[in-house]
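The following exercises concern one protein structure. Please examine the sequence and the model before reading the solutions.

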Amino acid sequence: PPDALSIFYPPTPVGQRWYEHPLEKLNPAALVLDLSEHTRSVALDYLRIPADRIVTIGADADSIFQTKSLTVEETVEVLARAGITRPFIIHTGIPEPRKNIPTLIRAFGLLDPELQKRHSVALIGDITPAQKSDILAVAAAAGVDPQSIVFPGKVGQSDLVKLYNLA
């Protein structure tokens, strides 16, 4: 049903057409490869593609994303560049509704207050001023100190690998 799309993208006519148009082309495909079980469920439920024509292949991370020991100097430098001053939870990507950032912030707000004070949430990626304002409004409503939410912006791959290892 069209209402199901609102969980993925803003329920606007333009957004819905943008989402539906490429998906309509999948129905005649002999085989559909998808990246996740969630995407598979959308193809099954929304597009009514038979299960035997959908194969979940997963999305493997780039080989640069490996466990890495950082020197004290590397740690200090990357955290300073990112504006992170305490242990953190990391989220990467653009803050669209399906990325669930409000749920992450609300969950952080459910932590013991002392634990919250010692940690932060680092939202890595391009975030507009309006999106930042919306995220901080969610934080305020959840009782999360706005200083606990860090917006490093987009970071280079080398720093991203280091931040994943430090999170």
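**Exercise 1.** Determine whether F65 is buried or exposed, or lies in between.

*Solution.* F65 has a relative accessible area of 28%. Buried means under 20% relative accessible area, exposed over 50%, and partly exposed in between (1.4 Å probe, protein chains only). F65 is therefore partly exposed. The model is predicted, so local features need pLDDT of at least 70, side-chain atom pairs count only at pLDDT 80 or more, and totals for chains, interfaces and linings use all residues. Residues are numbered from 1 along each chain as its sequence is written, and side-chain values use heavy atoms, leaving out hydrogens and water.

**Exercise 2.** Identify the aromatic partner of F65 and describe the geometry of the pair.

*Solution.* Rings of Phe, Tyr and Trp (its six-membered ring) pair if their centres lie within 6.5 Å; planes under 30 degrees apart count as stacked, over 60 as edge-to-face and the rest as tilted. By this rule the count is one aromatic pair. F65 and Y164 form it, with 5.6 Å centre to centre and 85° between the planes, which is edge-to-face. F65 lies in the loop between β2 (54-56) and α3, whereas Y164 belongs to helix α7, so the pair ties together parts 99 residues apart in sequence. Y164 is partly exposed, at 37% relative accessible area.

**Exercise 3.** State how helices α3 and α7 are oriented.

*Solution.* Helices (H or I, at least four residues) and strands (E, at least two) are DSSP runs, numbered from the N terminus. Helix α3 (residues 72-82) packs against helix α7 (residues 157-166) at about 105°, with axes 10 Å apart. Hence α3 is roughly perpendicular (65 to 115 degrees) to α7.

Terms used: Axes are lines fitted to C-alpha atoms, for helices over the stretch in contact, and angles run from 0 to 180 degrees between N-to-C directions. Angles under 35 degrees count as roughly parallel, over 145 as roughly antiparallel, 65 to 115 as roughly perpendicular and the rest as oblique.
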